[in-house]
Amino acid sequence: MTQTLEPPTAAVQSGPAQTWLADFEAALKERDIPRAAGLFATKSFWRDLVAFSWNITTVEDPAGVTDLLENTLDRVDPSGFALEEPEATEAGVTTAWFTFETAVGRGRGLLRLKVEDDRPKAWTFLTTLYELKGHEEPRGERRPKGAEHGVNRHRLTWAEKRQAEAETLGLTEQPYVVVIGGGQGGIALGARLRQLGVPSLVIDRYERPGDQWRGRYKSLCLHDPVWYDHLPYLKFPDNWPVFAPKDKIGDWLESYVKIMEVPYWSSTTATSASYDEAAGEWTVNVSRGGEEITLHPKQLILATGMSGKPNIPDLPGMDIFQGEQHHSSKHPGPDAYEGKRCVVIGSNNSAFDICGALFEHGADVTMVQRSSTHIVKSDTLMDIGLGDLYSERALAAGMTTEKADLVFASLPYRIMHEFQIPLYQQMAERDADFYARLEKAGFRHDWGDDGSGLFMKYLRRGSGYYIDVGSAELVANGSVKLAHGQVSHLTETSVVLEDGTELPADLVVYATGYGSMNGWAADLISQEVADRVGKCWGLGSDTTKDPGPWEGEQRNMWKPTQQEALWFHGGNLHQSRHYSLYLALQLKARFEGISTPVYNLAPVHHLS
């Protein structure tokens, strides 16, 4: 699945959006940048996904538009702006889907107009690249025939071609791209690159694709709904559960690798990597089933997961604790802990899931809440937060997953919280009794620094929330005990908090989250490279755990970094699906030798 819808086949009725697009195109054609910038509102946002910038970036206001065009217009040579479907006006905002072309590709966008000084002006403007001219994906009318008709004494079957590739790629023939990490992000990108004809290899340390999910605690299910979680090209069937269990997801990922013919090395661990600037290639040393192999890709992708590098605290007494202790990523499930005293340190998604499963299996469970947490009930989030974009209701209204992705992408991060705040106010009102009981039990709850709730917490810091699928009720009614504060140390038989509270324990689970993805770069390449890249994730919102200055995009994700030829790909299933397209197009362009000057390469402000 990509953002490749058919262009409009019939004329669309004229309106303010069509007039605006015509004026914008005329100004661009004449290279009249002041005129083009003047079509944007005093407070406005242009978000570009690769089409103009060879980057993922947002510029603001006419001054930002001016800067972007001054640096890109001659090279991009945009043209052919046309409405894709009838524009619509509601509450003073005109919304219009449009298509366009650049010198090297084809794009799609979403325009929102507001009236300013008696003229419709652009408030938000999204431009995205969806294909490169001359390098279109072999799909739809361009799909491969498969069968080879006629007579050919040297004919190779599909199976023979696949076997030959498996015996050469990475061994006698070097891949252009190596993707380290074979979870949903790595294989989504691998599928995109496969379709684009970019020689690539996905490597993963687990024995089978999907083992990243199979190895997690047994009660784990997706907290995001099925309509939000499709992978590229191959949607979940319409009888797939709304919230898929982790083993079912594991099997789906394994099947996906086979069906999409993703070149994939399992049981393979990358041990070191270094970049040769003169040669323009990486040296990546891997251990594959005990065999040492050296790869020399031109591009290296770390798809090791935003939630891939565990934060494990270093606490006094961990070495003398006589019970069992592990990070939540290593938690095997509740079966062995019936009747045991279990202390779970943390109060976000994994902590609640693990507490709930342990309680169901007869354990004595205490949750240690170190800082306030935002909780939203799953049903409420699905209805109010996601229902208009990702649901059966949305599909019935014509909101496909592809369109929903672009609607979401079209909201600039600078103002996204303004759209989220009223939604979470509705959620607070709907579930007021639940929150009253939770807080009466002593749980420290918040709605984010500015009341914008879960999505902004996720985008800003990737932590600090729980989508409640039932376990919060155990805290509210006291079935799971609650303690507050930081951990001071462990004794042989207990966890001791800074205020002196002692929690007897047979098991300690550190549900303490994960570190920045650049930690993988430090481990694999060097600390110098990790520092050159800087922090991954966050927007620079200057809210809790997301220090400024403002960047306006996810730091270092799916776009060029300060380390040449090093890329980061991660996030949830939605982001793996959507942003893998733009990352794949950037890599394809480089593979084909298309010039890719990057506009607005982000500086580094934070090292981790």
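In the predicted model, Thr401, Asp405, Leu406, Phe408 and Ala409 of helix H11 meet His574, Arg577, His578 and Tyr582 of helix H18. By class, this contact of H11 with H18 holds four nonpolar, three polar and two charged residues. H11 spans residues 401-409 and H18 spans residues 573-591. Their axes lie 11 Å apart and pack at an angle of about 80°. Angles of 65 to 115 degrees count as roughly perpendicular, and H11 and H18 are therefore roughly perpendicular to each other.

Helix H9 covers residues 378-385, and helix H12 covers residues 413-430. The axes of H9 and H12 come within 10 Å and cross at roughly 140°. That angle makes H9 oblique to H12. The crossing of H9 past H12 is right-handed. On the H9 side, the contact is made by Thr380, Leu381, Asp383, Ile384 and Gly385. On the H12 side, Leu423, Tyr424, Gln426, Met427 and Arg430 take part. The residues of this H9 contact with H12 divide into five nonpolar, three polar and two charged.

Glu131 was considered next. This residue is found in strand E7, which runs over residues 119-132. Glu131 has a relative accessibility of 11%. The cut-off for buried is under 20%, so Glu131 counts as buried. Beyond residues up to four places away in sequence, Glu131 touches Gly105, Arg106, Glu136, Arg142 and Leu585. Glu131 and Leu581 are 450 residues apart along the chain.

The cysteines were then checked for pairing. A disulfide is a covalent bond between the sulfur atoms of two cysteines. The structure holds zero disulfides. Pairing requires sulfur atoms within 2.5 Å. For Cys221, the closest cysteine sulfur is in Cys355, at 17 Å. Cys536 has a relative accessible area of 3% and is buried.

Key
Residues numbered from 1 in each chain as written. Predicted model: local features only at pLDDT ≥ 70, side-chain atom pairs only at ≥ 80, totals over all residues. Heavy atoms only, no water. Axes fitted to C-alpha atoms, helices over the stretch in contact; angles between N-to-C directions. Helix = DSSP H or I, 4+ residues; strand = E, 2+ residues; numbered from the N terminus. Parallel < 35°, antiparallel > 145°, perpendicular 65-115°, else oblique. Left-handed = near helix turned anticlockwise from the far one by under 90°. Contact = heavy atoms within 4.5 Å. Nonpolar A, V, L, I, M, F, W, Y, C, P; charged D, E, K, R; others polar. Buried < 20%, exposed > 50% of the residue type's maximum accessible area, 1.4 Å probe, protein only.
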